Each structure stands twice: as C-alpha cells, then as structure tokens.
Amino acid sequence: MRTEETTLDNGLRIVTEERHSIQSLSVGLWAAAGARHEPAERSGLAHCLEHMVFKGTQTRSARDIAVEIERVGGHLNAYTTRDHTCFYARTLSDDLPLAVELLADLTQNPLLDDAELENEKE
C-alpha cells in the first residue's frame with residue numbers, strides 16, 4: 001500500500017492510497033465546514049446543504065444522478081460532522097471518471113431550489 005499527498009497550485013490537497021489487490025475505489029471531497037462552524041441561528045445549515053445537492057444540479061435531475069451511479073453499481077453519499085462535510089462515491093476502479101464527474105457536478109452546480117429547500121426544512 002502506498003499513500004501520496006499532492007497540493008495543487010490552487011490549494012486543493014489530493015491524498016491517494018493505492019492498493020493493487022482491490023478493484024474498487026472511493027473518492028471524496030471534504031470541506032472544512034461542519035456543525036461547529038455554524039452560528040447558533042444557522043445550526044444545521046451544513047447538513048441541510050449536504051441533502052440539497054442530491055436534489056438535482058443544473059445538468060442532472062435527482063433521478064439522473066441516481067441512475068448514472070447505479071448503472072455502474074456505484075454509490076454516492078455524504079455526511080456532515082462537527083468539523084467537515086464530505087461528499088463521496090464508491091465505484092469499480094474503471095468508473096473513476098464518472099465518480100469524479102458526478103461529485104464535481106453535485107458540489108459545483110447544485111440547483112438549490114427554493115421549493116426543495118422548504119421540503120428539506122421539514
């Protein structure tokens with residue numbers, strides 16, 4: 001097993017761990033924004049945003065997102081802790097481009113629809 005850390009010019013840190021005996025992968029994006037970073041009047045905001053991104057993007061409906069990842073037997077999910085919010089995908093190794101594309105779309109192009117936000121508040 002080999003682990004490497006690379007920091008890009010834009011500050012994005014990439015950590016990779018290679019295991020030749022495993023034919024699957026996990027890829028994730030961690031944001032240093034969790035529950036402890038929220039003011040009391042905005043408590044739960046990171047967790048709410050975590051849910052909202054799965055309700056669709058500018059290029060994909062929620063159904064499209066689910067169909068694309070499930071078509072390859074993959075899995076998309078997210079979680080929020082006190083210290084960070086993470087969005088991640090698990091797929092077979094050959095499906096890395098799809099996993100990265102979906103994570104990028106979810107985190108860079110969420111719709112954040114007002115009606116969906118009201119539903120999520122419930």
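Okay, let's start with a word I'll keep using: a residue is buried if it has under 20% relative accessible area, exposed if over 50%, and partly exposed in between, using a 1.4 Å probe and protein chains only. What you see above is a predicted model, where local features need pLDDT of at least 70 and side-chain atom pairs count only at pLDDT 80 or more, while totals for chains, interfaces and linings use all residues. Residues are numbered from 1 along each chain as its sequence is written, and side-chain values use heavy atoms, with hydrogens and water left out.

So, the overall picture. The protein chain has four helices and five strands; by that I mean DSSP runs, H or I of at least four residues for helices and E of at least two for strands, numbered from the N terminus. Reading from the N terminus, the order is β-β-β-α-α-β-β-α-α. Along the principal axes, the C-alpha atoms fill a box of roughly 45 × 30 × 25 Å. Of the 122 residues in the protein chain, 26% are buried. Now take contacts, meaning heavy atoms within 4.5 Å. Among those between residues at least 6 apart in sequence, 61% join residues at least 24 apart.

Let's zoom in on helix α1. Which residues of α1 are buried? They're Ala46, Cys48, Glu50 and Met52. The cover over them includes β4 (75-80), β5 (85-92) and α4.

That brings us to how α1 and α4 pack. In general, you describe two packed helices by the angle between their axes and the distance between the axes. Here α1 (residues 45-52) and α4 (residues 114-121) pack at about 125°, with axes 10 Å apart. The axes are lines fitted to C-alpha atoms over the stretch in contact, and the angle runs from 0 to 180 degrees between N-to-C directions. So α1 is oblique to α4: under 35 degrees would be roughly parallel, over 145 roughly antiparallel, 65 to 115 roughly perpendicular, and the rest is oblique. On the α1 side, the contact is made by Cys48, His51 and Met52, and on the α4 side by Glu116, Leu117 and Glu120. Sort those by class and you get three nonpolar, one polar and two charged residues. For the classes, Ala, Val, Leu, Ile, Met, Phe, Trp, Tyr, Cys and Pro count as nonpolar, Asp, Glu, Lys and Arg as charged, and the others, Gly among them, as polar.

For cysteine 48, the nearest cysteine sulfur is that of cysteine 86, 18 Å away. Cysteine 48 is buried at 17% relative accessible area, and cysteine 86 is buried too, at 0%.

Most residues other than glycine have a negative phi. Leucine 112, though, has a positive phi, near 55°. You'll find leucine 112 in the loop between α3 (96-108) and α4, partly exposed at 41%.

Last stop, glutamate 17, in strand β2 (residues 13-18). Is glutamate 17 buried or partly exposed? It's partly exposed, at 44% relative accessibility. Leaving aside neighbours within four places in sequence, glutamate 17 is in contact with Met1, Arg2 and Thr3. And glutamate 4, 13 residues from glutamate 17 in sequence, is 6.5 Å from glutamate 17 in space, C-alpha to C-alpha.

Conventions:
Disulfide = S-S within 2.5 Å.
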